Amino acid sequence: CHAAKEGARALVVVQGPPRLASLLNTYSEHLHLPLVVDTPTPSTNPLQVSLLPDTVDATAALLRHYQWNSFAFIYDTDHGADKLQEILKNLGDPAPEVEAFWRAYNAEEASAFARQLPPEVGRLLLDVSEKMADQLFSKLSGSGRSFHGILIRPVGVVQRGSTQGISKLTKFSVVDEGSDLLKDLENRWKTLEDWARRPSGKDLPDSALLSHDASRMLHTTFTRLSREFPETLRASVPTDVDCFNYSSGMPDAAEPFQRNVVLGHGVTGNFQFDEQGLRVGYSLNIIESTPFSLNKIGDWSDATGLKLTGKTLPPITAFQKRDLTVRVTSILKKIVEYQKKTMVQIPSDILRSQGLIINFISIICNSTYLYDIDADCEKASDSSWPGFEPAFMELAGRSTNHMTTPDYPRGKV
């Protein structure tokens, strides 16, 4: 109210607390001030619009593409459960089974919930912030399990390598990373931002993208209003005006955000809104993020639906913990047989060295192999095993680059 008295002509919410948008909607209606929010919140207030598009239809299309027949749902707002119901209603019958759902207030709670899910439940539908989703998958990286998540909240530029561990996270990006407008904004942001104090995270945060687009749209809006209703754009009001009786003076005929009309263009696309203030005429890039790659698999638009342009990436499993089947037949058996047959005592350190070789083999193997190097490992008269060198070097070459000195009299592994 005090900001309005000082001349503020609009209210803008970018990455604020979840309940702030609904609170400011009340002020917007009372003070008759345009309101721009970032969350896709339907509203009957003709002065409110949402910068970020709704992803219910896009999420349903992606669930059909991935053929998810079940998943767990994690959310962090009061409207999370309602959003889930919208998605399930869009999918129709038979809808996927919701194995479990949980409201988490931070990544720690979400991680604890995900770790308790049964092993067969590795699909997560997330209605949380991008930061929380990335932190969640970072915490799950040490679980030894492979998860696949879909973040239903649209984001800006997806940072490479944001997903850690052995999992995959699919995101909806609302920006065209090849646009000249985005490149110009990135260059200006580097000039304006204090790099010495920059927090860790994206080079161009979503808050900067949304603030940029809100400014462009409001500039277009008030440029038009200044021509049609110049009296409503006074710079300030008397300080003795009662806030409870204050109004911006904008006549009801002044519609700041015309519906179903393009109100300009930004890094998130054309500014166009329906009767509830939600974005229309937009497109979303579908990005799959793994620890080592970032892959755009297609896009979704409210005009054409889902279009896939690339192959989907499987979850990374190379580092997944699992029971390894390693079967090794070593020369240790031959040494013991030779000792019994000839009654010659083999030094215990030689036997211990060969035991270490077996342990070494079991450690370096990262998949299932069958090794049998008995055939040409007969003991020679000079206390070396000539067949051991090529056999062991072949084994080492298939699993690691560790160098070895195969003959014990000349050294150990």
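Student: How do H5 and H6 lie relative to each other?
Tutor: H5 and H6 are oblique to each other (under 35 degrees counts as roughly parallel, over 145 as roughly antiparallel, 65 to 115 as roughly perpendicular, and the rest as oblique). Helices here are DSSP runs of H or I, at least four residues, and strands are E runs of at least two, both numbered from the N terminus.

Student: What should I know about the model?
Tutor: The model is predicted, with local features needing pLDDT of at least 70 and side-chain atom pairs pLDDT 80 or more, while totals for chains, interfaces and linings use all residues. Residues are numbered from 1 along each chain, and side-chain values use heavy atoms, without hydrogens or water.

Student: OK. What are the angle and the axis distance for H5 and H6?
Tutor: H5 (residues 107-115) and H6 (residues 130-140) cross at roughly 50°, and their axes come within 9 Å. The axes are lines fitted to C-alpha atoms over the stretch in contact, with angles from 0 to 180 degrees between N-to-C directions.

Student: Which residues of H5 and H6 meet?
Tutor: From H5, Ala107, Glu108, Ala110, Ser111, Ala114 and Arg115; from H6, Met132, Gln135, Leu136, Lys139 and Leu140. Contact means heavy atoms within 4.5 Å. By class, the contact has 6 nonpolar, 2 polar and 3 charged residues (Ala, Val, Leu, Ile, Met, Phe, Trp, Tyr, Cys and Pro are nonpolar; Asp, Glu, Lys and Arg charged; the others, Gly among them, polar).

Student: Moving on, how far apart are the axes of H3 and H4?
Tutor: The axes of H3 (residues 56-66) and H4 (residues 80-91) are 9 Å apart, and the helices pack at an angle of about 55°. At that angle, H3 is oblique to H4.

Student: Who makes that contact between H3 and H4?
Tutor: H3 contributes Val56, Asp57, Thr59, Ala60, Leu63 and Arg64. H4 contributes Lys83, Glu86, Ile87, Asn90 and Leu91. The residues of this contact of H3 with H4 divide into 5 nonpolar, 2 polar and 4 charged.

Student: What about the backbone around there, say phi of Gln67?
Tutor: Gln67 has a phi near 60°, which is positive although the residue is not glycine. Most residues other than glycine have a negative phi, and most peptide bonds are trans. Gln67 sits in the loop between H3 and strand S4 (70-75).

Student: And the peptide bond from Asp93 to Pro94, cis or trans?
Tutor: The Asp93 to Pro94 bond is cis, with omega near -5°.

Student: Where does Pro94 sit?
Tutor: Pro94 is in the loop between H4 and strand S5 (97-103).

Student: Back to helix pairs. At what angle do H7 and H8 cross?
Tutor: H7 (residues 180-192) and H8 (residues 206-228) cross at roughly 115°, with axes that come within 11 Å.

Student: Which side chains are at the H7 and H8 contact, by residue?
Tutor: On the H7 side the contact is made by Leu181, Leu182, Leu185, Arg188 and Trp189. On the H8 side it is made by Ala208, Leu209, His212 and Arg216.

Student: How does the contact of H7 with H8 divide by class?
Tutor: The residues of that contact divide into 6 nonpolar, 1 polar and 2 charged.
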